[in-house]
Amino acid sequence: MVSAPITPQRITDDLDRLLEVLPDPVREALAPAEAREQLLEVVLDLGRVPEARYPGQAVNLGDAVVERADLAAVVEQLGAFGGDNRAGIERTLHRISAIRNRTGTIVGLTCRVGRAVFGTVAMVRDLMDSGESLLLMGRPGVGKTTALREIARVLADELGKRVVVIDTSNEIAGDGDIPHPAIGRARRMQVARPELQHQVMIEAVENHMPEVIVIDEIGTELEAQAARTIAERGVMLVATAHGNELANLVKNPTLSDLVGGIESVTLGDEEARRRRSQKTVLERAAEPTFPLAVEMHSRHRWLVHRDVARTVDLLLRGQQPRPQVRELDGDGRLHLQEPAQPHSLIRPEPPRERAQPHRRYAALAPVPLPDPVADTDEAPSPAAQSPLMLFGVGVSELLLEQAIRSRRLPVQCVDAVEEADVVLALRQQLGQQPELRRRAQLAGVPILVIKADTLPQVQRGLERLLQRREPAEPPEPTPEQGGLDDDLAALEECRLAVEQLVLAKGQPVELLPRSERVRRLQAELAERYQLASAEFGSGRQQRLRIFPR
């Protein structure tokens with residue numbers, strides 16, 4: 001547990017301005033200071049006793065029920081109600097929401113107290129410095145809008161960013177044409193009707209050159225799509241969405257695109273067995289719009305997901321994510337509880353077979369290799385000096401030759417069992433040749449059985465045999481030890497494959513086996529072309545496969 005002091009919080013609520021518009025009995029009941037402490041909202045329903053709501057409880061205000069005249073008197077002192085049935089008090093952060101009957105007459109009011117809390121942003125200040133888009137989640141009333149307001153102020157005033165607030169219900173910057181001082185120097189764009197919020201989001205980017213867009217309550221598919229468009233233009237997003245935790249967004253078909261979206265994919269037989277799952281599974285469809293996310297469980301306890309993509313992948317696989325827990329104690333100190341395995345240090349296990357969406361790719365194309373550079377001083381590898389002698393039983397010679405050539409495997413086919421180091425046999429054919437099994441046993445030659453005479457089965461069989469034969473893999477060479485030339489050759493191989501085959505012909509390509517460091521460089525190069533890739537194989541035969549768009 002790590003704790004750090006933060007700036008004490010300062011609260012400004014202008015509560016007197018709200019009490020002035022309420023009926024006299026309600027105002028008198030809320031006059032004592034203890035009655036105002038932690039007040040969330042005041043509810044006025046026709047024919048019922050007024051009610052004050054606090055965290056975890058509700059208190060009746062007096063004995064007199066609310067009359068129509070009481071509601072009318074309150075409405076007369078407010079600004080106009082918008083299309084979302086919300087109004088406010090000018091230059092304050094309070095929000096009054098109306099309940100109407102079937103004829104449009106107001107029969108109930110919810111008067112929510114708006115507070116500007118200065119200092120809450122310290123819980124996520126490090127995330128703001130990163131410049132990555134941030135999503136805040138939590139149940140209603142947990143303080144999402146309050147935190148959003150303070151984040152906008154800090155980004156504009158302290159970090160000097162060009163910030164535009166999309167204020168659909170005037171809840172962030174208050175009612176009226178002049179924004180509340182709580183958002184600092186950030187600019188505010190109002191929205192005429194709630195259904196136009198996505199259009200105003202795009203308008204803000206196109207017309208006002210913001211570095212940061214702040215949005216409250218992304219709730220429709222159009223708004224989620226607009227958020228992705230804004231993020232792809234390099235603008236930082238800070239937004240809120242209703243949902244207690246990240247898992248709620250993953251399951252929400254309307255908002256799941258904010259965290260990458262999900263799609264149904266079909267696994268191959270071997271991959272399904274490896275995962276011990278059914279063949280049709282759900283996987284993340286794209287990179288999240290918001291790389292960072294915060295679950296606000298209370299005003300003083302936040303869970304931070306520093307790698308949303310990783311968290312979504314874990315959730316879809318039925319595993320529990322490990323967010324960082326941040327808590328603010330009564331003394332104003334921030335306590336950080338790191339997960340057992342921080343996301344930033346977790347490297348996902350490279351899949352043997354990446355599940356692809358419901359579409360069929362063409363067969364793997366041969367990799368166009370760069371021209372080799374002769375190096376007479378380079379000593380031949382042990383594998384090149386002593387190839388693995390292989391005798392095939394029931395396996396197509398053409399497939400064996402293709403598998404060996406495409407992977408540059410140190411394997412040589414022989415014509416007799418006695419000359420071989422190993423036997424690669426098709427299960428059905430081996431069962432019909434007991435004499436061959438006896439000869440292999442006498443010669444001490446091991447036999448590996450494969451189920452089908454297909455290229456993937458043959459390739460995996462050869463890799464398994466080589467893996468059993470090879471010693472432990474030596475450390476990867478550093479550039480100073482001569483690894484730089486290999487890096488350049490591998491990147492040139494990847495570039496040629498992408499430009500000549502993947503992009504030009506739409507064919508997936510499997511590169512030659514490389515070390516983990518080189519595979520990572522190749523994957524980064526593929527990402528620059530906006531192409532997906534995955535790792536296949538095991539041991540020294542691990543390689544990268546690049547898929548077309």
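The model is predicted, so local features need pLDDT of at least 70 and side-chain atom pairs count only at pLDDT 80 or more, while totals for chains, interfaces and linings use all residues. Residues are numbered from 1 along each chain as its sequence is written, and side-chain values use heavy atoms, leaving out hydrogens and water.

In total, 30 salt bridges are found (a side-chain nitrogen of Lys or Arg within 4 Å of a carboxyl oxygen of Asp or Glu). One of them pairs Arg112 with Glu41, at 3.7 Å from N to O. Because Arg112 sits in strand 8 (residues 106-112) and Glu41 in strand 3 (residues 41-45), this contact ties together parts that are 71 residues apart in sequence. Helices (H or I, at least four residues) and strands (E, at least two) are DSSP runs, numbered from the N terminus. Glu41 is buried, at 11% relative accessible area, whereas Arg112 is partly exposed, at 25%; buried means under 20%, exposed over 50%, and partly exposed in between (1.4 Å probe, protein chains only).

A further salt bridge joins Asp313 and Arg284, whose closest N and O atoms are 2.9 Å apart. Here helix 11 (residues 308-316), which holds Asp313, is linked to strand 16 (residues 280-284), which holds Arg284, the two residues being 29 residues apart. Arg284 is buried, with a relative accessible area of 18%.

Arg545 and Glu510 also meet through their side chains, at 2.3 Å from N to O. Arg545 belongs to strand 28 (residues 543-547) and Glu510 to strand 26 (residues 509-510), 35 residues apart. Both count as buried, Arg545 at 18% relative accessibility and Glu510 at 4%.

Finally, a network of salt bridges links Arg125, Asp129, Glu150, Arg153 and Glu158.
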